[in-house]
Every structure is written in C-alpha cells, then in structure tokens.
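I kept to what could be looked up, one topic per entry.

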Amino acid sequence: RLLKMEEFFPESFRLDIKDERDAFFKLCKEEQIWICKPGSSNQGRGIFLFKTPSAINTVRAKLCSTNEYLIDKNMSYRAPQARIVQRYIEKPLLLEGKKFDVRSYLLVACTAPYVLFFAQGYVRLTCLNYDAASDDLTVHLTNQYMQKKNSLYSQLKEETVWRMERFNSYVNEKFRKSNGLPKDWVFTVFTKRMQQIMLQCFLAAKHKLACKLGYFDLIGCDFLIDENFKVWLLEMNSNPALHTNCKVLREIIPAVVYESL
C-alpha cells in the first residue's frame with residue numbers, strides 16, 4: 001500500500017517556486033514553528049527556525065525586494081535559492097529528555113535491474129535537553145557537526161550516538177507497557193515503516209535514474225518519531241557523512257561502507 005504524503009512527511013513548501021511560496025505565506029498566520037533548510041547542503045548549514053509571523057514576514061519582504069531589484073535593473077531573472085520550509089514537529093519522542101532522530105541507510109545497489117538494500121544505522125541525540133522554545137540550534141538539530149558547536153560536546157560526545165540495540169532496549173523498558181507497543185518495536189514496526197517509506201520514495205524517483213550497470217548510491221535517511229510513535233521522514237541525503245567521531249560510529253560506519261562496496 002502506498003502511503004499518503006501526510007502519513008510520513010511533514011507539510012513542506014519550496015520557497016524557490018512562486019506558487020508554493022505564496023501558499024506557505026498564506027498559511028502562516030498563527031504562532032507556529034517552521035524549519036527552513038537550503039537545498040544541496042549538509043551538516044545543518046544554513047538551517048534556521050521561523051517562530052513568529054514577524055520572522056516570516058521579514059523573509060517574505062526580502063524575497064520580494066530581491067525580485068523587484070532584478071526586474072528594475074533589467075537583470076536576467078534568477079530564482080531564489082532553493083529552500084524547503086517544513087512544519088516543525090514540536091513534540092518529538094525524547095530519550096532521557098533529549099531530542100533524537102535515526103539515521104538509516106538505503107543502498108541503491110543496481111538499476112539494471114533495480115536492486116535495493118536497507119541497513120540499520122544509529123540514533124543521534126542532542127547534548128542538551130529538548131525545549132521547543134529554545135533559540136539554540138544544538139537543541140533542535142541532532143547531527144554531529146551541529147552538536148560539536150555545543151560546549152558540552154567534548155564530555156558528552158559518546159552519549160550523542162546510540163546503537164540501535166540500545167535504543168530498542170530503552171523503548172522496551174520505558175515505553176512498551178505505557179504505550180502498548182509490541183516487544184522490540186524498534187526492530188519490527190519501526191524498521192518495517194522505515195523500509196516502506198524508503199521504498200515509496202525510491203519508486204517516486206526511479207524514473208530519473210539511469211538504468212545501467214555500475215550505477216549505485218548510498219543514501220542516508222533521517223527519521224523522527226513523535227510522542228505518539230508516529231514515524232516521520234525528515235530528509236534523504238546523498239553523500240551522507242561517514243565521520244567516526246565516537247565509539248559507536250567507529251563500529252557502525254566502516255561496516256556500512258564495507259558492506260556497500
């Protein structure tokens with residue numbers, strides 16, 4: 001069964017497409033949090049949060065003035081930088097009070113014929129406890145590049161990445177009974193959901209892939225679980241980071257690379 005977008009992907013708009021940009025600005029009238037991400041970037045660079053209508057109005061005015069300047073100067077039209085603005089999930093599931101997401105892997109091993117593989121990855125946690133109202137991006141973004149900017153990273157870095165086995169044990173112990181989850185929810189329900197979402201995204205994009213021998217790619221897929229245990233796809237990353245900053249990554253990343261090759 002194919003999923004509807006709203007079942008797994010937060011409401012999102014492209015700011016470089018006028019119709020989507022206008023739809024977003026029309027929608028944003030009350031106090032909501034939105035996250036803005038640049039396209040073709042990584043490591044959390046260029047990401048910021050909209051928390052108030054005034055902040056959104058500032059961006060809208062900037063986009064309008066840029067377009068008017070280009071037209072007024074008879075310059076060739078340049079579209080705004082490709083950016084995604086996405087509804088922020090304000091009530092994520094927390095691990096020991098900290099926000100987290102899960103990096104898993106999709107290997108497109110071949111396109112003639114299509115061959116796909118899934119690999120479990122790891123859990124990425126923040127150094128600080130979660131607070132939706134915080135202006136500190138290290139509270140909201142879990143990747144290692146961003147967490148390194150936190151002053152506590154040097155003493156907490158081994159706790160910013162968990163193996164999936166530890167995550168599974170934690171969910172079994174802390175949430176299984178209170179939320180009516182099946183045993184080993186992480187390795188059963190959650191894993192199947194990730195695979196279902198990955199497959200659907202591949203089916204949506206496969207017509208853009210060249211069908212030839214020797215064509216392959218390793219894609220890093222980031223998932224967030226909210227407090228109701230709903231699974232959300234945040235993004236899919238080509239050229240995912242393969243750094244080994246801590247013990248868990250030194251165990252996981254080389255195995256993912258070796259198995260991919």
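How many residues of strand 2 (residues 34-38) are buried? I count 5 of its 5, so the strand is mostly covered, taking buried as under 20% relative accessible area, exposed as over 50% and partly exposed as in between (1.4 Å probe, protein chains only).

**Ground rules.** The model is predicted, so I note that local features need pLDDT of at least 70 and side-chain atom pairs count only at pLDDT 80 or more, while totals for chains, interfaces and linings use all residues. I number residues from 1 along each chain as its sequence is written, and side-chain values use heavy atoms, with hydrogens and water left out.

**Overall.** I find 8 helices and 10 strands in the protein. Helices (H or I, at least four residues) and strands (E, at least two) are DSSP runs, numbered from the N terminus. Of the 261 residues, 43% are buried. I took a contact as heavy atoms within 4.5 Å. Among contacts with a separation of 6 or more, 63% are between residues 24 or more positions apart.

**Strand 2.** I looked at which way its side chains go. W34, C36 and P38 point one way, I35 and K37 point the other way, and all are buried. For pairing I used the rule that DSSP must find at least two bridges between two strands. Strand 2 runs antiparallel to strand 3 (residues 48-50), with 3 bridges joining them. In that pairing W34 is opposite F50. Strand 2 also pairs with strand 4 (residues 83-87), again in the antiparallel sense, over 5 bridges. There I35 faces Q86.

**Cysteines.** How many disulfides does the structure hold? I find 0, with a disulfide set as a pair of cysteine sulfur atoms within 2.5 Å. C110 is in none, and its nearest cysteine sulfur, that of C211, is 9.2 Å away. C110 counts as buried because its relative accessibility is 14%. I also checked C221: the closest cysteine sulfur is in C201 at 7.5 Å, which is too far for a bond. C221 is buried, at a relative accessible area of 0%.

**D101.** This residue is in strand 6 (residues 98-111). Is D101 buried or exposed? With a relative accessible area of 6%, D101 is buried. I counted a polar contact as a pair of N or O atoms within 3.5 Å; within protein, one must be able to donate a hydrogen and the other to accept it, and residues adjacent in sequence count only if both atoms are side-chain atoms. The D101 side chain makes such a contact with the side chain of R124 at 2.9 Å. A second one, also 2.9 Å, joins the D101 and T142 side chains. Leaving aside neighbours within four places in sequence, D101 is in contact with residues including Y122, V123, F223 and L234.

**Aromatic rings.** Rings of Phe, Tyr and Trp (its six-membered ring) pair if their centres lie within 6.5 Å; planes under 30 degrees apart are stacked, over 60 edge-to-face and the rest tilted. By this rule I get 12 aromatic pairs. F167 and F190 have ring centres 6.3 Å apart and planes at 90 degrees, so this pair is edge-to-face. The pair links distant parts of the chain, 23 residues apart, with F167 in helix 6 (residues 164-174) and F190 in helix 7 (residues 189-205). F167 is buried at 0% relative accessible area, and F190 also counts as buried at 0%.

**Nonpolar cores.** I defined a core as a set of buried Ala, Val, Leu, Ile, Met, Phe, Trp, Tyr and Cys residues joined through side-chain atoms within 4.5 Å. The largest has 32 residues, and F100, V123, F167, W185, F190 and F223 have the most contacts inside it. Which element gives the largest share of this core? Helix 7 does, with 6 residues. A second, separate core has 11 residues, among them Y122, L218, C246 and L249.

**I197.** This residue lies in helix 7 and counts as buried at 0% relative accessibility. Not counting residues up to four places away in sequence, I197 touches L3, F8, F223, V231 and L233. I197 and L233 are 36 residues apart along the chain, yet their C-alpha atoms are separated by 7.6 Å.
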